[in-house]
Amino acid sequence: MNVLPFQVVQNEPLLRARGVTIDYQSERGTVRATQDVSFDVWRGDRFVLLGPSGCGKSTLLKAVGGFIAPRAGSLQLDDKPILAPGPDRIVVFQEFDQLPPWKTVKQNVMFPLLAGGLGGKKIGRKEAEARAMDWLARVGLAPFADAYPHTLSGGMKARVAIARALAMQPEILLMDEPFAALDALTRRRMQEELQGLWEASPFTMLFVTHSIEEALVVGNRILLLSPHPGRVRAEINSHQFGLHSAGGTEFQATASRIHHLLFGEGGAVEHDEHAVAVQS
Amino acid sequence: MSAGANLKWEPPVRPEYEVPLASPQAVAAAGIAVPAARPLGTIERLGQLAWLRKTILLALIAVLWEAMARWTDNDLLLPGFLQTAKALVEGTLSGELPRYIGVSLWVLLQGYLAGVAGAFLLTTLAISTRTGRDLLETLTAMFNPLPAIALLPVALLWFGLGKGSLVFVLMHSVMWPLALNTYAGFRSVPETLRMAGRNYGLGKVRMVTDILVPAALPAILSGLKIGWAFAWRTLIAAELVFGTTSGKGGLGWYIFQSRNELFTDKVFAGLGAVILIGLLFENVVFQQVERLTVRRWGMQR
């Protein structure tokens, strides 16, 4: 896949979700995760699914990944329906155990390249190794190529997972609260680095989070979902915000607007550790 | 009204300050010495060695044993440590013991491999179909508690007086615990890891070989270890009871025969050989495999 220059006018979205309703079985019967959710992701988007727990944002991401089949509605990538998991949609999970512990950092990045190929084509071990080293260098982990995952910190494991995903050059990168298990300082650093990677060579990303601030900082467009079941509440632009606008008045205004949309008038004071922190 | 109820603890406002970060070299140059870790004394260092502590313990037991033997002074009932060691060395040098051990290990290996193959077949069935899962759960629940040696009479009826019946009971002793462990290992593979595997488009077979087996390796290894111990135990017991059946006897038969001939020191030498071989496999083979795999990967301490 060649990276398109971004001035190119696109007339078709890359990912199209239409009326997606997802149910899952629990012990107490069928639970509706999302209801009639529609959205479009265009090439180069950093599209964020934002909502409180129970809004089905992770379920939606897993459906795009092909792990869950929707009960109704359709999901299409490049006009082809999504039916099963595939290497054109690589997921970065929140859990640290997404990295097989029996493979070194480098082998971890090489593994999907050797198993799934690149853009549908098989590639050789040499090429896979070169690609792996290239991407490890980009996330600053080249010196740790031969380390085993259990010797790495949480932030480093997240970096390996991101390098592994981007080395595959997927059509769309699916990130399921990738930084939620990290401490606040590391999380901020990872957001910065993700931004840097995107600026160096843009990719398309679907990013799930429950933090309003993270959504505004990481994304260029945000889909707000209401819980029980997940329904679309709004779609908001956030391309104007970067990591350094976090304290600005416009940023604060958008953040409180999102807060109102998600929690209503009365919920504005509801304490949430991930709600926007006032920064100077 | 007490004074304490009205007291308000107002902490004082203190001045702020910043400290420039000095590089480690600067710290060294300034002569601020970092205290070096205190070196351990010789005795402390020796105390850290687990094998040394265990060897001392074993030596103490040997001395106690020898003392007991001298005190009872009856070779037929309790030969001493030195006498047993002598019988062990003589038996080894004359080639008598190694021959018996060889026969035992050869039968053991065949039964063990048959059991491992059976266990992997069963668990493969169990993870791919629901019927297979039911089958595994039912069969292990039925046969795991059944001592392998109890099946020997039946095995003798079916397979006759020979190696066949021994391999059969060995297979029985290995298969169930290994299948149970492997299956439990497969089931405890994290969902995220499975999803990652599916994400890369791995097929069913590669999913097993590239994700499930390595992820379940700690459980599989412990199953193999338990299976080995069970098999070794079963074999010696089977040889003790029906040793003559296999034509050439094994280590169990050696023990039995020596007792018949009232060579009690040889009986003890045979038992010693059983223990030594067990220790050898546990400490050399399995520990080495663990060190190179699951411990290196941080999956087991």
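**Note on the predicted model: chain A sheets and a chain B helix pair**

1. Residue A:V64 belongs to helix α1 of chain A, which spans residues 57–65. Helices here are DSSP runs of H or I with at least four residues, strands are runs of E with at least two, and both are numbered from the N terminus. The model is predicted: local features need pLDDT of at least 70, side-chain atom pairs count only at pLDDT 80 or more, and totals for chains, interfaces and linings use all residues. Residues are numbered from 1 along each chain as its sequence is written, while chains are lettered from A and ligands numbered from 1 in the order in which they are written.

2. Is A:V64 buried or exposed? A:V64 counts as buried because it has 23 C-beta neighbours inside 10 Å. (Buried means 20 or more other C-beta atoms within 10 Å of the residue's own, exposed 12 or fewer, and partly exposed in between, with C-beta atoms placed from the backbone.)

3. Leaving aside residues up to four places away in sequence, A:V64 touches A:L15, A:L75, A:I82, A:R89, A:L174 and A:L206. (Contact requires C-beta atoms, placed from the backbone, within 7 Å.) A:L15 is 49 residues from A:V64 along the chain, and their C-alpha atoms are separated by 8.7 Å.

4. Helix α1(A) lies across β1, β2 and β4 of chain A and runs at about 115° to β1(A). (Axes are lines fitted to C-alpha atoms, for helices over the stretch in contact; angles run from 0 to 180 degrees between N-to-C directions.)

5. In chain A, 4 strands make an open, antiparallel sheet in the order β2-β1-β4-β5. β2 (29–41) and β5 (80–81) of chain A are at the edges with a single partner strand each, so one side of each has no neighbour in the sheet. (Strands pair if DSSP finds at least two bridges between them.) Strands β1 (residues 15–26) and β4 (residues 72–77) of chain A pair in the antiparallel sense over 5 bridges, and A:A17 stands opposite A:L75 in β4(A).

6. Another open sheet of chain A has 6 strands in the order β6-β7-β8-β3-β9-β10, with mixed pairing. Its neighbouring strands are turned by 20° against each other on average, direction ignored. Strands β3 (residues 46–50) and β8 (residues 205–209) of chain A pair in the parallel sense over 5 bridges; A:V48 has A:F207 as its bridge partner in β8(A).

7. In chain B, the axes of helices α5 (residues 81–93) and α14 (residues 264–292) come within 8 Å and cross at roughly 75°. α5(B) is therefore roughly perpendicular to α14(B). (Angles of 65 to 115 degrees count as roughly perpendicular, under 35 as roughly parallel, over 145 as roughly antiparallel, and the rest as oblique.)

Methods: Contact = placed C-beta atoms within 7 Å.
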